[in-house]
Amino acid sequence: MKIVVIGGSGLIGSKLVNILRQRGHEAVAASPASGVNTLTGQGLAEVLAGTQVVVDVANSPSFEDKAVLEFFETSGRNLLAAEAAAGVTHHIALSVVGTDKLVESGYFRGKIAQEKLIRAASIPYTIVHSTQFMEFLGGIAQSGTEGQIVRLSPAFVQPIASDDVAAAMADFTLGAPVNGTVEIAGPEKVRLSDLVQRFLTASNDPRKVVADPQARYFGAELKDDTLVPVGKARLGTVRFEDWFARSQAAK
């Protein structure tokens, strides 16, 4: 099959493209760097010619509320219209576990808008809800940092390594559309504040994490179960310590 991966040069996209090529498919990494811009529509018709499946793993370059919403709405409309014109038969999008519970957050309002467009379109689809990537722990720590203190919610998370995300995305990409949502998560359920402290300690970072139930996660207050799967989820196999050791070795 010809499969176009929007955001194909990013963390998940680049890994996904490699897996799909190894499995014998024509996987095309599409991004502004390759002349494909979903915000302007530039290059979409050309790259989608003869394409059966599109995977959207692109993310907003800005996390500012208005910019995020505009990115996901404009990009989503342009991409889905181009897919319909090209006869694409399966649209897969990567989103986040708990998105529908995070309306306080401008970022997640953007993801909600993206998912709404996908559900309303005529193209068979699969929306993959993932838990937090282990690769983003540094950014999560930074978001709660005040001096040497990191104030984070003690809500539960089930962090997943990007390798596990890409492997799951490849399987969903090559499977039949579910016309609904599937969930993926890491193997270990842990409190966010505890996990980030483990990450900082392992990184020899002197910052200390304070568990604060009122601490906001990208603008939203969390409940214990907001960021973990509610039903059956596909679980990755890479645990935090193994991921951390690998990431340090890669450096």
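## Basis of the description

This is a predicted model, in which local features need pLDDT of at least 70 and side-chain atom pairs count only at pLDDT 80 or more, while totals for chains, interfaces and linings use all residues. Residues are numbered from 1 along each chain as its sequence is written, and side-chain values use heavy atoms, with hydrogens and water left out.

## The seven-stranded sheet

Seven strands form an open sheet with parallel pairing, in the order β2-β1-β3-β4-β5-β9-β14. The edges are held by β2 (26-30) and β14 (234-235), each of which has a single partner strand, so one side of each is left without a neighbour in the sheet. Strands here are DSSP runs of E with at least two residues, and helices are runs of H or I with at least four, both numbered from the N terminus; two strands pair if DSSP finds at least two bridges between them.

Within this sheet, strand β1 (residues 2-6) is joined to β3 by four bridges and runs parallel to β3. Isoleucine 3 has valine 53 as its bridge partner in β3, and isoleucine 6 stands opposite aspartate 56 in β3. On β3, Val53 and Val55 point one way and Val54 and Asp56 the other way, and all are buried, where buried means under 20% relative accessible area, exposed over 50%, and partly exposed in between, using a 1.4 Å probe and protein chains only.

Seven of the seven residues of β4 are buried, so β4 is largely enclosed by the rest of the structure. His90, Ile92, Leu94 and Val96 point one way from β4, whereas His91, Ala93 and Ser95 point the other way.

## The largest pocket and valine 57

The largest pocket has a volume of about 730 Å³ and is lined by 35 residues, of which Val57, Ala58, Asn59, Tyr107 and Phe136 lie nearest its centre. On a 1 Å grid over the protein atoms alone, a pocket is an open set of points where a 1.4 Å probe fits, with protein on both sides within 12 Å along at least five of seven lines, and lining residues have an atom within 4 Å of a point. Grid points are joined across faces, edges and corners, and the volume is the space filled by probe spheres set on the points. Elements that each supply at least two lining residues include α1 (11-22), β4 (90-96), α4 (106-120) and α5 (137-143). The lining divides into 21 nonpolar, 13 polar and one charged residue, with Ala, Val, Leu, Ile, Met, Phe, Trp, Tyr, Cys and Pro counted as nonpolar, Asp, Glu, Lys and Arg as charged, and the others, Gly among them, as polar.

Valine 57 sits in the loop between β3 (53-56) and α3 (65-86), and at 14% relative accessibility valine 57 counts as buried. Leaving aside neighbours within four places in sequence, valine 57 is in contact (heavy atoms within 4.5 Å) with Val5, Ile6, Gly7, Ile12, Gly13, Leu94 and Met169. Valine 57 and isoleucine 12 are 45 residues apart in sequence, yet their C-alpha atoms are 7.1 Å apart in space.

A three-stranded open sheet has the order β6-β7-β11 and mixed pairing. Here β6 (145-146) and β11 (208-211) stand at the edges, each with a single partner strand, so one side of each is left without a neighbour in the sheet. Two bridges join β6 to the antiparallel strand β7 (residues 149-152), and threonine 145 stands opposite valine 150 in β7.

Helix α7 (residues 192-202) has as its buried residues Leu192, Ser193, Leu195, Val196, Gln197, Phe199 and Leu200.

## Two asparagines with positive phi

Asparagine 204 follows α7 and is found in the loop between α7 and β11. Its phi is near 60°, a positive value in a residue other than glycine, and asparagine 204 is exposed, with a relative accessible area of 70%. Asparagine 179, in the loop between α6 (162-174) and β9 (180-185), has a positive phi near 50° and is partly exposed, with a relative accessible area of 47%.
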